[in-house]
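Work through the exercises below with the sequence and the structure at hand. Each task is followed by a solution in steps.

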Amino acid sequence: MGRTVGVGLVLGMVLQAAVAAAGSGDRLVSPVRLAVAGKGTLLVSDYRQKAVLVIDDRSLAVRRRLAVTGRPLAVGWAAGRLYVGNETTGLVEVYNEGGKLLTRFGETGAVPSDLAVDAGSGAVFVVDSAARLVRVYDGAGNILRFIGGPAADNRLYRPTGIVLDEAGQQVLVSDFGSPEAGIAPRVMVYDYAGAFRRLIPGTVNSGMLGSISLFSRPQGMALDGRGHLYLVDSLLGQVLVLDLQSGALVKTIGSFGTAPGELQLPLDVIIDGDGADLLVTNNRSGRIERFYGGAL
């Protein structure tokens with residue numbers, strides 16, 4: 001379905017010599033989320049290694065490894081601070097540029113699967129997959145409000161990923177939905193205050209053919225500022241490019257498999273600092289894939 005754009009650059013191949021010299025801590029094992037930390041620098045959470053790796057944007061070489069006491073999921077960067085969602089503690093941990101732990105906040109028992117930081121206000125939006133909602137904190141870790149919850153018109157069933165449309169003051173949350181309740185996978189769109197605006201459905205009605213599935217296991221997302229949403233489907237092994245307003249499928253990137261450029265349990269996607277290439281965490285293969293020219 002669709003075509004692969006560019007060639008995947010495999011992290012394991014790039015680092016083969018470095019691993020032999022520096023040890024297994026300088027390679028990826030189980031990458032989950034990605035974040036941009038200034039020009040030329042990426043952050044990736046590695047679940048099985050219990051670490052966040054600092055990676056060169058171009059070569060994908062590991063510059064540094066920050067050990068985490070627990071299993072890291074979400075990762076974010078803003079104003080010189082690293083934010084890590086720790087599945088083991090349920091908390092968001094905040095580190096300075098030197099890797100020193102500054103503070104923790106959140107709820108014990110939460111599953112902080114993804115997070116995003118608003119550059120203007122410093123507010124931290126954290127997806128809690130266990131509580132099925134998004135918690136919004138100020139920069140000091142004080143709770144401001146909740147997004148989602150039990151109300152029928154804005155309910156999240158199995159939220160996983162989040163991305164902020166800062167220009168439009170919108171919050172997009174990927175949600176597996178609920179087969180038991182007849183709720184198909186979708187992306188829920190809220191405003192910053194938490195009011196539900198609309199949804200981008202994972203299925204479309206094609207008339208005589210009935211419903212056709214566009215995506216089934218939506219995970220991480222990215223926006224390009226040009227009206228496109230890049231959505232990882234962990235089951236299909238693809239990145240879907242959708243029209244942000246209509247939800248229409250524009251193209252697909254990647255395909256399921258283990259070869260370079262193929263994806264097996266992809267979990268996150270970001271656009272590089274130049275706005276041209278896509279980078280995707282390829283979890284089962286233990287690497288990052290770069291799709292040259294993948295961004296429209």
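**Exercise 1.** Decide whether Tyr-137 is buried or exposed in this predicted model, then describe its aromatic pair with Phe-105.

Step 1. The relative accessibility of Tyr-137 is 4%. Buried means under 20%, so Tyr-137 counts as buried.

Step 2. Phe-105 has a relative accessible area of 6% and is therefore buried by that cut-off as well.

Step 3. The model has three aromatic pairs. In one of them, the ring centres of Phe-105 and Tyr-137 lie 4.8 Å apart, with 50° between the planes. Planes under 30 degrees apart would count as stacked and over 60 as edge-to-face, so this pair is tilted.

Step 4. Phe-105 belongs to strand S8 (residues 101-106) and Tyr-137 to strand S11 (residues 133-137).

**Exercise 2.** Classify the pair of Tyr-190 and Phe-196, and state how accessible each partner is.

Step 1. The centres are 5.9 Å apart and the planes make an angle of 70°. Because the class applies over 60 degrees, the pair is edge-to-face.

Step 2. Tyr-190 is buried at 0% relative accessible area, whereas Phe-196, at 26%, is partly exposed.

**Exercise 3.** Describe strand S13, its pairing with S14 and the hairpin they form.

Step 1. Strand S13 spans residues 159-165, and seven of its seven residues are buried, so the strand is largely enclosed by the rest of the structure.

Step 2. S13 runs antiparallel to strand S14 (residues 170-175), and five bridges join them. Leu-164 stands opposite Val-171 in S14.

Step 3. Four residues lie between the strands of this hairpin, where Gln-169 has a positive phi near 55°.

**Exercise 4.** Repeat the analysis for strand S25 and its partner S26.

Step 1. S25 covers residues 266-271; six of its six residues are buried, and the strand is mostly covered.

Step 2. Strand S26 (residues 278-282) is antiparallel to S25 and joined to it by five bridges. Val-269 has Val-280 of S26 as its bridge partner.

Step 3. The hairpin has six residues between the strands, and Gly-275 takes a positive phi near 75°.

Terms used
Residues are numbered from 1 along each chain as its sequence is written. This is a predicted model: local features need pLDDT of at least 70, side-chain atom pairs count only at pLDDT 80 or more; totals for chains, interfaces and linings use all residues. Side-chain values use heavy atoms; hydrogens and water are left out. Rings of Phe, Tyr and Trp (its six-membered ring) pair if their centres lie within 6.5 Å; planes under 30 degrees apart count as stacked, over 60 as edge-to-face and the rest as tilted. Helices (H or I, at least four residues) and strands (E, at least two) are DSSP runs, numbered from the N terminus. Buried means under 20% relative accessible area, exposed over 50%, partly exposed in between (1.4 Å probe, protein chains only). Two strands pair if DSSP finds at least two bridges between them.
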